[in-house]
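Biologist: Could you show me how to read contacts and burial in a structure? I'd like the general idea, then the case at hand.

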Amino acid sequence: MTGVPTQPAGSEVRGTSSGAGRALVAVYGVFALAATARASVQLLTKFEQAPLAYLLSALAGVIYIVATITLARGTHTSRRIALIAIIIELVGVVSVGTLSVLYPEAFPRATVWSAYGIGYGFVPLILPIVGLAWLWHTRAS
Amino acid sequence: MIEALAYVVIALAGVAVIWGLVTAVANKPPGKAQLLFAAGVEIVTVVQSIIAAAKLVAGARPVELATTIAYLIGIVILIPIAWLWANVERSRFSGMVLAVAALGVLAMTLRLLVLWASAA
């Protein structure tokens, strides 16, 4: 990245991986592992049964991995990537959640985001909101 | 899977979750006993995965074999990673990190029990 650093490394920005951020990264890590493992199995063994649902599961897994790594790094650049990933995550869980309720026939197999993440205690819906709040809380000002 | 062992894992992981939350609420980093307990949970979890793997080799076939294998592998890496992550910066949130990992172990073991119950 060629962006000029707007602050000395690690001084003014409160790291996204520090304090409560450690717990947030841990939750993202667990979801990255769970979603990616599940999606890999689904794509490898029964892709033809529900291609849309399984591709969405894989997308969710990738987004969780990106969010985990970028939040754990907490540099200026990785904060931006985290912001984009978490916004996609929020849009994904809200849109897939709504579509899966309105058109259940389009989602014959559950994804992480089906019915707003009901299969995972609605954590997939809450997580991006907490993530955005955390990025806001740790912003440089 | 040995059902009784799975319930031991679930119980131990449950204690680890509560312990992590308690130290987080009390605003303390995890103590030595807590870290050793987490290591104990990990050991029992590893034993469980090894026994289950042996049963798979011996011919046990849960309906979702691939998912079962993914879970048996994934479940053993949660606590070691959380342990490292919790110890890089020790604070009340280290306990939260351990609690999150233990909750993951608990949930995955429950799921494994369901998958295994379908084994022919």
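**Contacts, burial and a helix face**

Modeller: Leaving out residues up to four places away in sequence, B:Ser49 touches B:Leu72, B:Ile75 and B:Val76. Two residues are in contact if their C-beta atoms, placed from the backbone, lie within 7 Å. This is a predicted model, where local features need pLDDT of at least 70, side-chain atom pairs count only at pLDDT 80 or more, and totals for chains, interfaces and linings use all residues. Residues are numbered from 1 along each chain as its sequence is written, while chains are lettered from A and ligands numbered from 1 in the order in which they are written.

Biologist: Is B:Ser49 buried or exposed?

Modeller: A residue is buried with 20 or more other C-beta atoms within 10 Å of its own, exposed with 12 or fewer, and partly exposed in between. B:Ser49 has 20 such atoms within 10 Å, so B:Ser49 is buried. B:Ser49 sits in helix 2 (residues 32-57) of chain B; helices are DSSP runs (H or I, at least four residues), numbered from the N terminus.

Biologist: Which residues are buried in helix 4 of chain A?

Modeller: First, the idea: an α-helix has 3.6 residues a turn, so residues three or four places apart point the same way. In helix 4 of chain A, the buried ones are A:Pro124, A:Leu127, A:Pro128, A:Gly131, A:Trp134 and A:Leu135. Down the axis, they fall within an arc of 125 degrees (taken from the directions from the helix axis to the C-beta atoms), so they line one face of the helix.

Biologist: What do the buried residues of helix 4 of chain A pack against?

Modeller: They pack against helix 1 (20-46), helix 2 (51-73) and helix 3 (76-102) of chain A. On the other side of helix 4, A:Ala133 and A:Trp136 are exposed.

Key: Helices (H or I, at least four residues) and strands (E, at least two) are DSSP runs, numbered from the N terminus.
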